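Here is a short tour of a two-chain model for your next look at the screen. Have the viewer open and follow along.

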Amino acid sequence: MDSIAARDELAPAPTVGALFGGFLTLGLTGFGGVLPLARRLIVEDRRWLSAAEFTELLGLCQFLPGGNIINLSVAIGLRFRGVAGALAALIGLIAAPTAIVILLGLVYERFSGDAHVRHAFAGLAAAAAGLLIAMAVRIALPIRGNAAAIAIAALCFVGIAVLRLPLLPTMATLAALSIGVTWLTTRRGPR
Amino acid sequence: MSAVLLSLAAIFAELSLLAFGGGNTILPEMQRQVVDVHHWMDGRDFSAMYALAQAAPGPNMMIVTLVGWHVAGWPGAIATSLATFGPSSVLTALVTRVWQRFKDRPWRRIVQAGLVPITVGLVASSAALIARTADGDWTLAAITAAGAATMLTTRIHPLWVLAAGALAGLAGFGQP
């Protein structure tokens with residue numbers, strides 16, 4: 001009964017063109033994070049996925065390396081239209097942002113000799129650094145009170161930001177350590 | 001030229017598969033490779049490109065395209081885009097087919113929870129490195145601090161914070 005109701009509420013599977021168009025819209029309108037917009041477009045407006053399906057696919061995309069929204073475009077495209085759908089969704093998502101960042105890059109290189117432009121870009125870069133600091137604080141909040149997690153995050157910071165060690169060996173070592181510690185504490189802790 | 005493209009492709013393919021926690025975790029390694037190891041640009045250029053990518057719409061990984069374009073023009077942009085978006089996308093496509101089988105297994109949750117502190121350390125590293133190169137003097141550092149405080153205490157859209165930063169910079173407080 002439930003599944004019939006859910007199916008009735010969903011739209012028919014999107015075509016390759018619709019996937020491209022949907023993700024093109026997301027790429028063009030998603031300023032400062034595409035994910036909230038993606039949910040609204042995919043679940044509420046186009047009704048390609050139910051809220052539960054969206055959350056499950058997002059879980060997969062957050063588990064794997066790569067940008068969450070990039071992975072999501074591939075997973076959704078693949079689900080409905082196979083490889084062609086995945087390519088259409090991914091290319092749709094990055095086409096417009098690619099053109100726009102290169103345009104901004106051209107402006108930066110063309111006018112970086114001009115003092116006003118240089119000052120504006122310096123202020124822009126300083127503000128962007130502020131956004132990143134705020135994001136770092138937000139991401140760190142959930143591990144407060146967890147001494148082992150804080151210690152591993154601190155080790156990672158020292159290795160990468162202070163000692164400037166290469167990412168691959170640093171991450172392999174710390175991830176093994178961190179997953180081991182998580183495993184031990186989950187085993188010991190109450191279920 | 002093709003040697004540069006190959007280097008770009010190799011660097012960004014590795015970053016693609018190490019980007020657990022999204023694009024902001026790989027900035028330190030990207031900066032280390034393109035600034036410290038290969039000297040394709042200086043730290044200020046890298047911070048400016050990060051800022052430009054943030055000011056554009058779309059995924060927060062568009063800096064990779066901009067870095068490739070700066071180093072080797074359109075072929076560079078295509079090389080870094082394919083290398084960054086290709087491997088992780090192929091992995092996603094492959095794992096999608098088996099995800100049902102292991103999404104509820106305990107080890108999947110343990111691995112994911114274990115990666116969280118690494119993501120925290122990497123994003124904090126990104127913030128420290130980007131801020132260090134972006135904040136050449138105390139006025140720019142003040143813009144960074146004000147931007148971070150605004151984002152943490154209000155629900156204002158990030159684009160307004162970027163615009164305010166650019167305007168404050170344009171006013172040229174204390175800059176040479």
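This is a predicted model: local features need pLDDT of at least 70, side-chain atom pairs count only at pLDDT 80 or more; totals for chains, interfaces and linings use all residues.

Residues are numbered from 1 along each chain as its sequence is written, and chains are lettered from A and ligands numbered from 1 in the order in which they are written.

Chain A gives 77 residues to the contact and chain B gives 92 residues; two residues are in contact if their C-beta atoms, placed from the backbone, lie within 7 Å. On the side of chain A that touches chain B, the largest share, 22 residues, belongs to H6(A).

Now to H7(A), one of the helices on that side. Helices are DSSP runs of H or I with at least four residues, and strands are runs of E with at least two, numbered from the N terminus. Buried residues in H7(A) include A:Ile152, A:Cys156 and A:Phe157; buried means that 20 or more other C-beta atoms lie within 10 Å of a residue's own. After H7(A) comes A:Arg164, with a positive phi near 55°.

Chain B has eight helices and zero strands. Some values for it:

| Property of chain B | Value |
|---|---|
| Span of the C-alpha trace along its principal axes | about 60 × 45 × 25 Å |
| Buried share of the 176 residues | 52% |
| Share of contacts with a separation of 6 or more that join residues 24 or more positions apart | 59% |

Note on methods. A residue is buried if 20 or more other C-beta atoms lie within 10 Å of its own, exposed if 12 or fewer, and partly exposed in between; C-beta atoms are placed from the backbone.
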